[in-house]
Amino acid sequence: MGDNITLQRNDYMANCGMFWITNSIMSAVMGMSMRYVQEKAHERNEAFQLELQRAKEITQVKMEAEKIAFKRHMMNISRNYRFVQNATVFEQQLDAIELQAFLNGNKYWPLHPSIPHTIITELKNAQKSYVEPSLNVILLRAPLLPTRPGVVGEIANREDKDIYADIEEAIDTEDIPVLGDLQLWKEACQTTDFIGGNANIMNIHFLMSPVPTLVISPRYYEGKMFFNAAVWEAQAARPLIRQLFSLDYELYIEKGDEEKKVLSNLLRTVFTTIIATTRDSYMLLTKGEKPTFNLLLDKCPKLKNGVLQNEVLHQFVKQEYLNMLEALDMEKTPRLLDFFDDADIKYMRSVINETKLLS
């Protein structure tokens, strides 16, 4: 089976890092236009001016530290205020549509009907503690094993569900605890996508736009399995939909137990790689948190070999971290210095270089 599966990189590679930076800046701009934030900014600015006056009498180093702290504080105020509104906006959004008609029948909503209500509860709980929700992860499903004809089209193999369940369980119990700041919605997808396209992604974004989300969408077409992904920051008007890479795949060849195990391990490696690189980009560029994919690779030699020994996956990872560096290029994104201090930008760039995932 190993001879039949090869990864191929798609020439199109959108810059996920720039997307997070842009939405972070827009979040700050929109948040600071609100009266609540303006009042807080005014209060903080008065205090800051007093601190500056005091700092002048101390040292230049102290002044620079205060400036950095002020910019970080303003970004946090903006993000926190928008986060507080998310639960209310989400609930109003659900009330504004015929929710049951949208959720039932699998005509529009491709996930389990309980998910929107669960998200409302979690948002409200998080709102009370002012803790932003983690990056949500959803895996859509393409056919994996030979299908059979039905009255209205192809019917997925029953064993597909077990393979996806095993993959999600391994990612959730072994990979995500090391990566951190992620929530995988296991078995959220109950249907098989034979057609592909972005309709499912847009329908998911319609209801889940108030929470940061990554949707991974595998799609089988004419001997290849394509991997697309969509990401959005909370309240982003549209998701960033990206074509990532494809692999040669023989859907209609019967597979034995050993071949199914190889397939499961391969898909787990692919999904985890996409999840981890997206998590690192999101957490670093919006919250300044360090990347953790390198920690997972060091802890899981089998996963590390699966990534580094596959040329396409390895190149994909390198490109993702190069995208982060590009997003932090002050010449290409001059407004960075309006919301991040030069020291913060240099710190984030150094953190990326230290991951050793660029080599």
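Lys-332 is exposed, at 56% relative accessible area (exposed means over 50%, buried under 20%, partly exposed in between; 1.4 Å probe, protein chains only). Lys-332 forms a salt bridge with Glu-326, with the closest N and O atoms 3.6 Å apart (a side-chain nitrogen of Lys or Arg within 4 Å of a carboxyl oxygen of Asp or Glu). Glu-326 is partly exposed at 30%.

This is a predicted model: local features need pLDDT of at least 70, side-chain atom pairs count only at pLDDT 80 or more, and totals for chains, interfaces and linings use all residues. Residues are numbered from 1 along each chain as its sequence is written, and side-chain values use heavy atoms, leaving out hydrogens and water.

The whole structure holds 13 salt bridges. Glu-169 and Lys-186 form one of them, at 2.8 Å, N to O. Glu-169 is partly exposed at 36%, and Lys-186 is partly exposed at 38%. Glu-174 pairs with Arg-268 at 3.2 Å, N to O. That pair links helix α6 to helix α8, 94 residues apart (helices are DSSP runs of H or I, at least four residues, and strands runs of E, at least two, numbered from the N terminus).

Helix α8 (residues 257–287) also carries Thr-277. Thr-277 is buried, at 0% relative accessible area. Its contacts (heavy atoms within 4.5 Å) include Phe-293, Phe-316 and Val-317, not counting residues up to four places away in sequence.

Val-317 belongs to α11, where Leu-313, His-314 and Val-317 meet Gly-306, Val-307 and Leu-308 of α10.
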